[in-house]
Amino acid sequence: MSHETRTALRVCPLCEATCGLTLTIEGTSVTGARGDREDVFSRGFICPKGASFGGLDADPDRLRTPLVRTDGVLREATWTEAFDAIAAKIPALIEEHGKQAVGVFLGNPNVHTMAGGLYPPLLLSALGTRNVFTAGTLDQMPKHVSSGLLFGDAHAIPVPDLDHTAHLLLIGANPLESNGSLCTAPDFPGKLKALRRRGGTLTVIDPRRTRTARLADRHAAIRPGTDALLLAALTQVVVEEKLADPGALAGHLDGYDELTEAIADFTPEAVAAACDVDADTIREIARELAAAPAAAVYGRIGSCTVEHGTLASWLIDVLNILTGNLDRPGGALFPLSATARAPRAAAPGKGFDLGRWRSRVSGHPEAKGELPAAALAEEIETPGEGRIRALIVIAGNPVLSAPDGDRLDRALAHGLDFMVSVDPYLNETARHADVVLPPPPPSQSAHFDFAFNSFAVRNQVRYSRPAVPLQEGRMDEGEILARLVLAVGGNHGAPPETVDDLVIATTLARAGLPEELAGTLTGRTGAERRLDLMLRLGPYDLTLEQLLARPHGMDLGPLKPRIPQVLRTRSGRIELFPAPIAADLPRLRASIGARPAGLVLVGRRHLRSNNSWMHNVAALRGGSNVCTLQIHPDDAARIGLAEGETARITAAGGEVDAPAEITDSVRPGVVSLPHGWGHSRPGTRMSVAGAEPGVNVNQLLDGTLLDPLSGTAVLNAVPVSVAPSR
């Protein structure tokens with residue numbers, strides 16, 4: 001075998017920044033990774049995750065062949081055996097118990113792979129189940145819901161125009177650690193520093209003095225969970241002091257009078273004590289925001305995974321609208337991806353509805369076709385018609401990412417007739433599967449960012465073919481998922497390319513184009529041919545060949561105003577005060593006096609991690625990437641807790657022990673544990689993660705606390721008690 005050293009270009013799939021990489025390859029091994037200085041988007045920026053690409057790619061714990069459970073034990077099997085087992089079991093369960101007997105959980109890494117963007121919708125269509133759960137209700141679903149209600153499209157999420165804004169207000173976001181989220185921006189730190197250099201203002205609202213907060217002109221250490229109250233007060237000031245000026249959006253708004261009346265009593269004085277931000281500061285922030293020549297308000301997981309997450313997400317865009325900063329340069333704009341539908345003439349759309357169906361056990365309303373991830377365990381455990389008897393998990397680890405993992409762990413172990421996991425690792429969830437289908441490592445996979453290009457701060461498009469040939473015995477992720485679609489849909493044994501061919505034919509028919517055009521599509525795989533079609537039908541009239549000729553990507557220009565074309569509401573206008581929001585506002589009003597007496601818990605993110613799925617990379621462990629309980633010195637002294645001593649944290653869902661890290665980077669009354677840890681369960685094959693398992697913060701949650709509009713689990717601002725573990 002040749003060990004010639006060469007380089008290959010690749011878009012990093014390890015976080016939302018989507019940086020361009022230059023990989024060094026010896027033979028078939030990735031031995032190095034650096035930033036691609038010619039990448040049209042990232043311009044050479046790289047973070048520790050990208051630099052560790054080779055370590056993740058070659059992780060010896062990655063599964064290389066399918067596993068099939070025989071006599072209670074997972075053993076290595078052929079691909080044929082694996083798909084035969086699926087085809088024998090799932091269609092029979094559907095025939096006997098109906099479509100709702102199968103549940104699907106889609107994890108975060110799906111949006112980081114090309115196949116994960118193309119095939120899961122086809123799987124859901126083949127199954128016909130409404131029991132769909134994703135990481136979205138553990139993260140960003142409130143933003144989808146608020147966008148659906150405001151704009152009629154749950155995927156129409158505006159992003160801050162970081163390169164041109166004069167004032168950026170961040171709430172519940174720490175992009176220096178996360179690299180950005182629902183805002184795809186390579187070198188987010190550099191963009192914030194550039195904002196400061198050009199005389200702009202950065203305001204950060206966060207209960208922790210994060211790395212991002214340390215850059216800010218103003219840091220307001222809000223009490224966790226009160227984001228929506230503070231945002232409502234900012235909105236009230238803008239209205240009361242006649243600072244509102246929607247500008248070009250004025251003719252596209254419905255519900256302005258109803259909105260202003262509804263928020264009239266959310267004054268800074270009314271919410272100050274609840275938020276722990278004084279009234280004068282709230283007024284100053286509102287005035288600065290309104291006075292800026294261009295400004296953007298941006299919120300993320302800290303403002304989403306709380307009790308009023310949808311209201312907070314809604315108010316962020318309301319502030320952008322009322323200050324005239326939505327849909328204008330320097331404000332918050334709607335990206336236009338190369339694979340988006342071509343722009344249409346402005347017209348009323350189908351709108352966005354919540355609660356089109358409800359979960360069987362607790363009656364949770366669906367949001368964007370999904371049920372709360374926190375309800376998965378009860379849907380497996382509770383007897384009766386419609387009980388989930390089979391589960392398909394694709395790139396997910398809900399035992400660690402969802403509330404009360406112990407309960408879900410038991411449900412997966414004892415409540416299912418059959419389980420399939422598509423995952424490169426035998427993790428805390430996959431260990432329960434009857435069939436595990438491992439996709440190849442990133443170097444052997446093509447890459448295109450269907451999701452993240454829709455949130456990019458500049459319009460661009462890039463595509464990476466596999467940097468290393470697919471090794472013998474491995475199957476491409478697109479083929480794995482296509483065969484899975486065929487196996488569960490009663491077409492087991494059909495060629496996998498028939499799945500892609502059907503999609504292409506259907507897409508052409510819907511577009512009113514002749515089927516002969518399918519023969520003109522280029523590409524080595526069905527996935528590439530589908531990408532070629534999407535590019536051709538997209539807003540820039542591109543082709544796959546054009547993209548392949550530009551290995552560093554194609555710059556498609558800055559974000560531009562897109563209203564009213566982007567609107568899909570039934571009125572064809574921005575619906576400022578939709579009925580579900582109006583109905584939930586009294587709950588926010590009632591929270592003004594509901595102040596917890598004790599400590600509250602918030603999560604935190606590490607730069608060298610991405611949820612639970614990167615803890616097995618040795619190069620990324622250690623340093624700040626450790627599982628500690630951060631606690632303020634005053635609280636530690638009151639409790640009698642010393643630095644490094646084991647603390648016991650107790651809440652409604654249980655208790656965990658973690659070493660104390662005493663720091664004034666968290667405000668008094670707040671403690672913080674990172675998420676994604678807890679790799680101590682038996683039966684996994686993750687040696688690095690298992691050696692330093694940490695604890696599962698989500699075990700402190702019992703799953704009953706949800707944002708009612710989005711079904712998102714409340715992961716932040718959770719009441720806890722802390723004591724020395726002696």
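Student: Where is the place of Pro564?
Tutor: Pro564 sits in the loop between strand E19 (554–558) and strand E20 (574–575). Strands (E, at least two residues) and helices (H or I, at least four) are DSSP runs, numbered from the N terminus. This is a predicted model, so a local feature needs pLDDT of at least 70, side-chain atom pairs count only at pLDDT 80 or more, and totals for chains, interfaces and linings use all residues. Residues are numbered from 1 along each chain as its sequence is written, and side-chain values use heavy atoms, with hydrogens and water left out.

Student: Is the peptide bond from Ile563 to Pro564 cis or trans?
Tutor: That bond is cis, with omega near 15 degrees.

Student: Which residue has a positive phi although it is not a glycine?
Tutor: Asn179 does, with a phi of about 65 degrees. Asn179 lies in the loop between helix H7 (175–178) and helix H8 (188–197).

Student: Now cavities. How many does the structure hold?
Tutor: There are 5 cavities of 30 Å³ or more. On a 1 Å grid over the protein atoms alone, a cavity is a set of points where a 1.4 Å probe fits but cannot get out, while a pocket is an open set with protein on both sides within 12 Å along at least five of seven lines.

Student: What volume has the largest cavity?
Tutor: About 120 Å³. Volume here is the space filled by probe spheres set on the points, which are joined across faces, edges and corners.

Student: Which residues are closest to the centre of the largest cavity?
Tutor: Glu16, Ser178, Gly180, Arg605 and Asn610, out of 15 lining residues. Lining residues have an atom within 4 Å of a point. By class, the lining of this cavity has 1 nonpolar, 8 polar and 6 charged residues. Ala, Val, Leu, Ile, Met, Phe, Trp, Tyr, Cys and Pro count as nonpolar, Asp, Glu, Lys and Arg as charged, and the others, Gly among them, as polar.

Student: And what volume has the second largest pocket?
Tutor: About 320 Å³. It is lined by 18 residues, and the closest to its centre are Gly225, Glu307, Ala594, Pro596 and Ala717. The lining divides into 10 nonpolar, 5 polar and 3 charged residues.

Student: On to helices. At what angle do the axes of H12 and H13 cross?
Tutor: Roughly 115 degrees, and the axes of H12 (residues 268–275) and H13 (residues 279–291) come within 8 Å. That makes H12 roughly perpendicular to H13. Axes are lines fitted to C-alpha atoms, for helices over the stretch in contact, and angles run from 0 to 180 degrees between N-to-C directions. Under 35 degrees counts as roughly parallel, over 145 as roughly antiparallel, 65 to 115 as roughly perpendicular and the rest as oblique.

Student: Which residues meet there?
Tutor: Pro268, Glu269, Val271 and Ala272 in H12 meet Ala279, Ile282 and Arg283 in H13. Contact means heavy atoms within 4.5 Å. These residues divide into 5 nonpolar, no polar and 2 charged.

Student: How about H10 and H15, at what angle do they cross?
Tutor: The axes of H10 (residues 227–240) and H15 (residues 309–322) cross at roughly 25 degrees and come within 9 Å. That makes H10 roughly parallel to H15. Their contact includes Leu231 and Val238 of H10 and Leu315 and Leu319 of H15. By class, this contact has 13 nonpolar, 1 polar and 1 charged residues.
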